[in-house]
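Please consider the following structure, with attention to its aromatic rings and to its strands. The account below takes these topics in turn.

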Amino acid sequence: MGFTNRISLQNVRGDVFGGVTAAVIALPMALAFGVASGAGAASGLWGAVLVGFFAALFGGTPTLISEPTGPMTVVMTTVIATFTAAHPDDGLAMAFTVVILAGLFQILFGVLKLGRYITMMPYTVISGFMSGIGIILIILQVGPFLGQAIPAGGVLGTLESVPLLLGEIQPVETFLAALTVAIIWFTPARFKKLVPPQLLALVAGTLISLVAFGDADIRRIGVIPSGLPPLQLPSFYPGELQRMVFYGAVLGMLGCIDALLTSLVADSLTRTEHDSNKELFGQGLGNVMSGLFGGIAGAGATMGTVVNIQAGGRSALSGLTRAIVLMVVILGASGLAASIPMAVLAGIALKVGIDIIDWGFLKRAHLLSVKGAAIMYGVILLTVLVDLMVAVGIGVFVANFLTIERMNALQSRGVKAISTGDGELDLTPEEKVLLDQGEGKVLLFQLNGAMIFGVAKAIAREHNAITDCQSIVFDLGSVSHLGVTAALALENAVEEAVEKGRNVYVVGAHGTTRQRLERLRMFKLLDAAHTEISRHEALQAAIGLRSVVG
């Protein structure tokens, strides 16, 4: 596979039609996300062009459409608000530098081939994370929805300002925002196939604001600068560098998750398989270029990707077409956007927030698993009220902890010790007879499956239960993996048995299991005659030695 994405000329018509359709949808979304982020409509538009073009050209998912998304906009809002508050003159430039850093992190993740690990997290965490982002996006649109600017302080600041916002509500703008949501929500399916409801709402809301409320004082986008965007050189203060790198890592990781989850959706629709590491490289390069030219961060967009595929897009030519069409529209018709009401864009963004929430899983999570539902709701609360990465970190830790606990409980059942032939172990008839002949003085200690660290407790428990026996046979023939902690627990059990004068046999150890025990030097505690024999031979030896030891 080459350096660039899979670009094919065998489906030009489908790719071009898919790209044009995706561009039509991208226009209102880019405007809405640019305004919602605080960077402005132009930044949203150029983010859609630059991220989309370079991710399509160098990515690893042929049909993926990349542009500013709801989750990325939520983080961009925080980044821009943080740095513009601390540095009014250079804050926006610092925010674009964070976008560049995010892209560099993504390139690094791709070079280190971490793509397949990034989305390997429990669905309860992903669901809670995305639902929390949806809720944040909704809350941040409350101010613009009511005809006012987004209050300072992000989510908590907006919630605290709700009484003031309601007291100063602008009825005309609230009507336009509500109308926008209604058009997107209730447009019949047969019309959605002809015109994207977001574009329909954008045009209808703008025309109504001009015709019916032309004299009203309505907040509008204003003039978007024509021409290509100027180069934004990286800007930072030494005292802010640590915080900028942190936000860059957060934005980069979120973009990776967002893009790769959308790549999985594209795979399922096209029956293909994407290259996750290559995709991260393309996403990173796209965000670097977007930050350099004043665009906000972007990632793989599910809506644009699905529309592209449904319209016939099958290769990266569709994503390149979309970016070029969108750029032509920006350069040739940017003046038409000046009259678009901010409330209309708030309605579009609010509906995106509603759609991001995982309503399907929210309704039935408690039916599948009470613990899983608790993790999901916990991640939602942490995402909304604390921090995105804190939510993911704690959610993944708790989910993995519960998973490991369950695995340990299951694996602990594979640690068994018996001294009679009527036990649960899988033994041959001859071996069962030998155990019975031992009359309780010979103990067979068997380990099965993967022995991870939690199994050490079970090994110690079974070993401590041994009271009156003269010979112990440790059977490792069915061990598929022996973790370090379990190996140390086994070594401790063998050492203690030897110190108490018992005859100890360790049989069946092979492959990596034997190598690990050899590195621990455990076999130096025993003669070769006690370790290089079969289970059957060990039982025979134990029976023969019983009367001698006794």
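In this predicted model, K351 is placed over the face of W185, at 5.2 Å from the ring centre. A further case of a charge over a ring involves R514, which lies over the face of F523 at 4.3 Å from the ring centre.

F109 is buried, because its relative accessible area of 12% falls under 20%.

The rings of Y123 and F361 have another geometry: with centres 5.0 Å apart and planes at 90°, the pair is edge-to-face. Since Y123 lies in helix α6 (residues 123–140) and F361 in helix α17 (residues 359–368), the pair ties together parts that are 238 residues apart in sequence. F361 is buried, with a relative accessible area of 11%, whereas Y123 counts as partly exposed at 47% relative accessibility. Elsewhere, F3, F58 and F281 form one aromatic cluster.

The strands may now be considered. An open sheet is formed by 4 strands in the order β3-β4-β5-β6, with mixed pairing. Its edge strands are β3 (415–418) and β6 (503–507), each of which pairs on one side only. On average, neighbouring strands of this sheet are turned by 15° against each other, direction ignored. Strands of a sheet pair through backbone hydrogen bonds, in either a parallel or an antiparallel manner. Between β3 and strand β4 (residues 442–451) there are 4 bridges, and these two strands run antiparallel. V415 stands opposite L447 in β4. Helix α22 (residues 484–499) lies across β4, β5 and β6, and runs at about 170° to β5.

Within strand β5 (residues 471–482) lies S480. Is S480 buried or exposed? The relative accessible area of S480 is 55%, which is over 50%, so this residue counts as exposed. Leaving aside neighbours within four places in sequence, S480 is in contact with G449 and A450. S480 and D90, in turn, are 390 residues apart in sequence and 58 Å apart in space, C-alpha to C-alpha.

Terms used. Residues are numbered from 1 along each chain as its sequence is written. This is a predicted model: local features need pLDDT of at least 70, side-chain atom pairs count only at pLDDT 80 or more; totals for chains, interfaces and linings use all residues. Side-chain values use heavy atoms; hydrogens and water are left out. Buried means under 20% relative accessible area, exposed over 50%, partly exposed in between (1.4 Å probe, protein chains only). Contact means heavy atoms within 4.5 Å. Two strands pair if DSSP finds at least two bridges between them. Axes are lines fitted to C-alpha atoms, for helices over the stretch in contact, and angles run from 0 to 180 degrees between N-to-C directions. Rings of Phe, Tyr and Trp (its six-membered ring) pair if their centres lie within 6.5 Å; planes under 30 degrees apart count as stacked, over 60 as edge-to-face and the rest as tilted. A charge sits over a ring if NZ of Lys or CZ of Arg is within 6 Å of the ring centre and within 35 degrees of the ring normal.
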